[in-house]
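Dear colleague,

Please find below the structure that I am handing over to you. My notes on it follow.

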Amino acid sequence: MTLSQLVEWANTKNRFQTIDEYSSFCEEYLTFIVDGLQAVIVSQNENHYRFFQYREDGSFNVSRPINSNLMISIEDFHLAKQDFNYAMQHIREMKEELYLRGLINKFIYTCQQMIGAALDALPTGESNKA
């Protein structure tokens, strides 16, 4: 999927009605960033923050900071998605399942930030939509 397709998808709010729609977008975006970026910039002061710099198709824009301690990689996303869906189905039974609680936070963070990061590729005049 191209960056322009991802930006169009992220910019269409009615495409995010279910958890599966959020996670489908997130999977596509995570796949894209593996080799679709100009660079990944590491913050000097807090090296767990990353910024994604787009190529010319994204006007060389730089994304919002992404906390790599909370972001799930594409390699781990499929399993995280399964665990997240399990947790949502059994949330009332969860008491001290710290792994699942942490996973819920990371899954939501990753989906939310990947949508925002995609929208950071909007042209300068449209960047307030992000």
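A salt bridge is a side-chain nitrogen of Lys or Arg within 4 Å of a carboxyl oxygen of Asp or Glu. The model is a predicted one, and it holds two salt bridges.

One of them joins the side chains of Glu27 and Lys81, with a distance of 3.3 Å from N to O. This pair connects distant parts of the chain, since Glu27 belongs to helix α2 (residues 19–35) and Lys81 to helix α3 (residues 74–89), 54 residues apart. Glu27 counts as partly exposed because its relative accessibility is 23%, whereas Lys81, at 17%, counts as buried.

In the other salt bridge, Arg64 pairs with Asp120, and their closest N and O atoms lie 2.8 Å apart. Here too distant parts of the chain are linked: Arg64 sits in the loop between β2 (49–53) and β3 (66–67), and Asp120 in the segment after α4 (98–119), 56 residues apart. With 25% relative accessibility, Arg64 counts as partly exposed, while Asp120 is buried, its relative accessible area being 16%.

The crossing of α2 past α3 is right-handed. Among the residues that make the contact are Ser23, Glu27 and Leu30 of α2, and Phe77, Lys81 and Phe84 of α3. By class, this contact has eight nonpolar, four polar and three charged residues.

Yours sincerely

Terms used: Residues are numbered from 1 along each chain as its sequence is written. This is a predicted model: local features need pLDDT of at least 70, side-chain atom pairs count only at pLDDT 80 or more; totals for chains, interfaces and linings use all residues. Side-chain values use heavy atoms; hydrogens and water are left out. Helices (H or I, at least four residues) and strands (E, at least two) are DSSP runs, numbered from the N terminus. Buried means under 20% relative accessible area, exposed over 50%, partly exposed in between (1.4 Å probe, protein chains only). A crossing is left-handed if the near helix is turned anticlockwise from the far one by less than a right angle, and right-handed if clockwise. Contact means heavy atoms within 4.5 Å. Ala, Val, Leu, Ile, Met, Phe, Trp, Tyr, Cys and Pro count as nonpolar, Asp, Glu, Lys and Arg as charged, and the others, Gly among them, as polar.
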